[in-house]
Amino acid sequence: MSQSADMSQRKIQIKRIYDDAADTDGQRVLVDRMWPRGVSKEAADLDHWFKDVAPSPDLRSWWDHDADRMDEFANRYEQELSDDDHAAEVDQLIDIIHKHDRVTLLFAAKDESVNHAKVLQDYLGRHS
């Protein structure tokens with residue numbers, strides 16, 4: 001990993017929305033298309049909510065959080081992130097990353113390693 005990619009990875013972290021907010025979170029950005037169940041807006045303590053950086057409903061349905069499909073999901077999701085439908089929100093997110101010392105991408109999935117936020121973190125680390 002290059003030094004700049006390593007720096008971006010430390011600057012962009014991921015965290016479950018159900019975990020308590022912390023001072024070390026920096027900018028808190030929800031990256032799910034739907035609001036997470038059982039989380040109040042106050043408890044979420046969000047700075048931003050970017051619905052359109054989440055995987056499309058069709059891709060999410062195909063993947064179904066299947067660990068065996070993670071590599072193929074990552075490829076398809078990164079293609080989506082690079083298309084015109086996602087460009088505006090991806091650019092806004094990159095701008096936030098440039099302006100702040102730390103950005104935390106928040107997600108609702110139970111698995112902390114098999115989720116779209118991990119793919120998004122890696123993608124943004126390479127493109128910011």
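Read along the sequence, the protein follows the pattern α-β-β-α-β-α-α-α-β-α, with 6 helices and 4 strands in total. Helices (H or I, at least four residues) and strands (E, at least two) are DSSP runs, numbered from the N terminus. The structure is a predicted model, in which local features need pLDDT of at least 70 and side-chain atom pairs count only at pLDDT 80 or more, while totals for chains, interfaces and linings use all residues. Residues are numbered from 1 along each chain as its sequence is written, and side-chain values use heavy atoms, with hydrogens and water left out.

The C-alpha trace spans about 40 × 35 × 25 Å along its principal axes. The radius of gyration, taken over C-alpha atoms, is compared with a globule rule of 2.2 Å times the number of residues to the power 0.38. For 128 residues a compact globule would have a value near 14 Å, and the protein agrees, because its radius of gyration is 14 Å. Contact means heavy atoms within 4.5 Å. Of the contacts with a separation of 6 or more, 64% are accounted for by residues 24 or more positions apart.

Residues are classed by relative accessible area (buried under 20%, exposed over 50%, partly exposed in between; 1.4 Å probe, protein chains only). By this scheme, 41% of the 128 residues count as buried. A nonpolar core is a set of buried Ala, Val, Leu, Ile, Met, Phe, Trp, Tyr and Cys residues joined through side-chain atoms within 4.5 Å. The largest nonpolar core has 27 residues, and those with the most contacts inside it are Val-53, Leu-93, Leu-105, Leu-120 and Leu-124. At least two residues of this core come from each of helix 3 (57–63), helix 4 (70–81), helix 5 (84–99), strand 4 (103–107) and helix 6 (116–127). Apart from this core lies another, of 5 residues, among them Ile-17, Leu-30, Val-39 and Leu-106. Leaving aside neighbours within four places in sequence, Leu-124 is in contact with Ile-12, Val-90, Leu-93, Ile-94, Ile-97 and Leu-105.

Ala-21 lies in the loop between strand 1 (12–16) and strand 2 (27–30). With a relative accessible area of 35%, Ala-21 is partly exposed. Not counting residues up to four places away in sequence, Ala-21 touches Lys-15, Arg-28 and Asp-45. Ala-21 and Asp-45 are 24 residues apart along the chain, and their C-alpha atoms are separated by 6.9 Å.
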